[in-house]
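I opened my notebook today to look up a few things in a protein model.

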Amino acid sequence: MRTSGRADHEIAAGHAEAATTNSLEQVREILCGAQLRELARRLMHTDAQVAAQAEELRGEARRRLDVLETHVRKEIEALSTSFEAHRSADACALGNVARESREALRLFEQRIQRLEELVVRTQREFRQLLLEQSKSFLDETQRTRDELSAALARELAGAWEESSGVIAPEAPTSERVEAERHQKTERSSDEAA
């Protein structure tokens, strides 16, 4: 029974405590009830304002993000268009430079070809001139030699006549000298060629 007495005592203590708590609640309600209700109302009003402002901030943030996204898209499109225009202009300029280079190279090759033709023609003309001058020089030498031979033959014939009193052999005629000279000239020309 002792156990039951103790349990009763605990139950009674629990009731007394609940009654005390109840009475404290009533006192608190009497003293602070109006203020607590006002505070609760203000808190609810503040919560509503905070929630409204938070929703307004979310809406403003969304709106600004949309504006920013639109602006960024427009800038990206403008940059892309500008890049394409620059790329196209660069490709066009590169094509022009390549075409001009090919044209300059073609003109350069034509000049080289003309120079080569000029060099070949000049060499041919120089050889021809050299050959003509050589022939002229050989003809002049042959003529001078023939004249010297004829003069020497005359001098020898004259000296022979004076010293021996004998009639000198007949001096070569000009026709014979000319024929010999022509044969020698032809031989010289064949050798020179």
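Here are my entries, from the whole chain down to single side chains.

**Entry 1: the whole chain**

I began by reminding myself that this is a predicted model. How many helices and strands does the protein chain have? I found two helices and zero strands. I noted that helix H1 covers residues 2-164.

Next I looked up burial. Of the 193 residues in the protein chain, 4% count as buried.

I picked Ile-76 for another look. Ile-76 sits in helix H1. Is Ile-76 buried or exposed? Its relative accessible area is 52%, and the cut-off for exposed is over 50%, so Ile-76 counts as exposed.

**Entry 2: salt bridges**

How many salt bridges does the structure hold? I wrote down nine, and I followed up on some of them.

*Arg-42 and Glu-38.* These two form a salt bridge, with 3.3 Å between the closest N and O atoms. Why are Arg-42 and Glu-38 separated by about one helical turn? They are separated by that much because they are four residues apart in helix H1. I then checked how open each one is. Arg-42 is exposed, at a relative accessible area of 52%, while Glu-38 is partly exposed at 29%.

*Glu-55 and Arg-58.* What is the N to O distance in the salt bridge of Glu-55 and Arg-58? I noted 2.7 Å. Both residues lie in helix H1, and they are three residues apart, about one turn of the helix. Glu-55 is partly exposed, with a relative accessible area of 43%. Arg-58 is partly exposed too, with a value of 45%.

*Arg-64 and Glu-60.* My last pair also forms a salt bridge, and its closest N and O atoms are 2.9 Å apart. Where do Arg-64 and Glu-60 lie? I found both in helix H1, four residues apart, about one turn of the helix. Arg-64 is exposed, with a relative accessible area of 55%. Glu-60 has 27% and is partly exposed.

Conventions. Residues numbered from 1 in each chain as written. Predicted model: local features only at pLDDT ≥ 70, side-chain atom pairs only at ≥ 80, totals over all residues. Heavy atoms only, no water. Buried < 20%, exposed > 50% of the residue type's maximum accessible area, 1.4 Å probe, protein only. Salt bridge = Lys/Arg side-chain N within 4 Å of Asp/Glu carboxyl O.
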